[in-house]
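Please examine the sequence and the structure shown below before reading further. The explanation moves from the whole chain to particular places within it.

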Amino acid sequence: MKIKDRIALQFTLIVAAILVIFAVLVYSVSSNFREEEFNARLFNKAWSTCRFLIMIKEVDDELLKIIDQNTQIMIDENVLVFDRYNNLIYAAGDSIHVQYDESLLQKIREERVLEFYQGRNQLVGLRYDEGNEPLVALASAHDKFGINKLHNLRNTLIWCLLIGIAGTVLLSIHFAGASLKPISEIIRQISSITAHDLRQRLPQASSPDEIGQLATKFNEVLHKLEQVFEKQRSFVYHASHELRTPLAALKSEIQLAEKQVEQGSELKKVFENLSSDTERLISITNSLLFFARSLEEVEQFKTEVVRMEDILFSAKNELAFENYTERIRIGYTNIPEDENHTLVMGNEALLIRVCTNLMDNACKYSKGDVEVNIGTDPTYCKITFRDDGLGISGKDLPRIFDVFFRGANVIGLNGFGIGLSICKRIVEWHGGKIYVKSELNKGSEFTICIPHLVSSRQTKMA
């Protein structure tokens, strides 16, 4: 889960919990207030009824009932009054809604005031001590309007809670995205930084916040990496360049001395071996020099529109001196739907170098024909180099693009372990990818995929 989504989720859960607690608290307080307020009304009703019976002698039971009927404002309102012997001396309303017994009346006398529920009705019991005879009164009613208001409050709180949570989700996603946008921008900028261009820096380093501190530290790491890479490139470039002159002179001197030695002598064989080793050193030096230049100057190569069929035939012609041309078969995996699908934006010399290396390897490590097929899809122009040679073991496959790495089954054969590294760098510089499938003693299949001109135009338009 992304940090933005995690922050949004955590913030939503926190706010939702607060809203739920607030809603429950409001509902609980309102419910308690309604219950206490209604019980207070029942208490006043019971107390005033007892007061009428005791304090105002002129009011008899019938007149009091008439007064109760005309002043009744509560639903299912009932009032019962008992003397000290638990005899019912007054009843207002429908007394069947009130259930009582002697134990209940005794409990009211002991506690003076008792509040409880009977079914949906609230009931208040009161001991009235004013006058000559203590009385016990029971007042019962149903708070329909208060309960309806409480239900309305509950529904309002639920809707407000749902709307609040939905709004929190939207706002948390928005603000989390806005807060982490600088980090997303840093990720985008970091993605564009490669080993070929370590001079780029993150502009957020001027910001005083944590994002700026992160950018500053990353820029410091980039600076150190740039120095290390520059030293490495400089060493390989200058060492290779400086070795070329003495090696060329050494080769000339060996050849000159070789001409002075008689054919068939032991010294002649020594000079032949020296000449072969010197040629090998020169090849290694030239490969190192090209590798160093591919690291240092690849951004300076010019690009143009080139057709991959032409690249392949040019690469094939360059291998004529090795007598490989008769073994290389160039064809199509599928006929391109658009003739522009085999056009790519790239450097012709570099692409020829890639194809030459892969053809040379395929011919060098196999005895049969080498199949080179062109295929296309809506995005890439794909070229596959297939041979039936020595193949590559599974443990060596992950490292074949490392500089100077060679498989155990080809150590003794010509090669330096640099060509595939150069191929990979050139293909990636063209925005492409290189894949390999191989099985020991059954051959190898290398595939390079380079975005063709149609996909490049579509990307720019998008």
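The paragraphs that follow treat the overall picture, then a pair of helices, and then some details of the backbone.

The model is a predicted one. The protein contains 10 helices and 12 strands. Of its 462 residues, 38% count as buried. Among the contacts in the protein with a separation of 6 or more, 67% are accounted for by residues 24 or more positions apart.

Next comes the packing of two helices. Two packed helices are described by the angle between their axes and by the distance between those axes. Helix 7 spans residues 308-318 and helix 8 spans residues 348-364; their axes come within 8 Å and cross at roughly 55 degrees. Helix 7 is therefore oblique to helix 8, since angles under 35 degrees would count as roughly parallel and those from 65 to 115 as roughly perpendicular. The crossing of these two helices is right-handed. Helix 7 contributes Met308, Ile311, Leu312, Ser314, Ala315, Lys316 and Glu318 to the contact, while helix 8 contributes Glu348, Leu351, Ile352, Cys355, Thr356 and Met359. Sorted by class, the residues of this contact are eight nonpolar, two polar and three charged.

After helix 9 comes Gly431, which has a positive phi near 80 degrees.

Most residues other than glycine have a negative phi. Which value does phi take at Arg112? Arg112, although not a glycine, has a positive phi of about 70 degrees. Arg112 is located in the loop between helix 3 (102-111) and strand 3 (113-118). Its relative accessible area is 41%, so Arg112 is partly exposed.

Asn441 is another residue other than glycine with a positive phi, here near 65 degrees. The loop that holds Asn441 lies between strand 11 (433-439) and strand 12 (443-451). Is Asn441 buried or exposed? Asn441 counts as exposed because its relative accessibility is 60%, and the cut-off for exposed is over 50%.

Note on methods: Residues are numbered from 1 along each chain as its sequence is written. This is a predicted model: local features need pLDDT of at least 70, side-chain atom pairs count only at pLDDT 80 or more; totals for chains, interfaces and linings use all residues. Side-chain values use heavy atoms; hydrogens and water are left out. Axes are lines fitted to C-alpha atoms, for helices over the stretch in contact, and angles run from 0 to 180 degrees between N-to-C directions. Helices (H or I, at least four residues) and strands (E, at least two) are DSSP runs, numbered from the N terminus. Angles under 35 degrees count as roughly parallel, over 145 as roughly antiparallel, 65 to 115 as roughly perpendicular and the rest as oblique. A crossing is left-handed if the near helix is turned anticlockwise from the far one by less than a right angle, and right-handed if clockwise. Contact means heavy atoms within 4.5 Å. Ala, Val, Leu, Ile, Met, Phe, Trp, Tyr, Cys and Pro count as nonpolar, Asp, Glu, Lys and Arg as charged, and the others, Gly among them, as polar. Buried means under 20% relative accessible area, exposed over 50%, partly exposed in between (1.4 Å probe, protein chains only).
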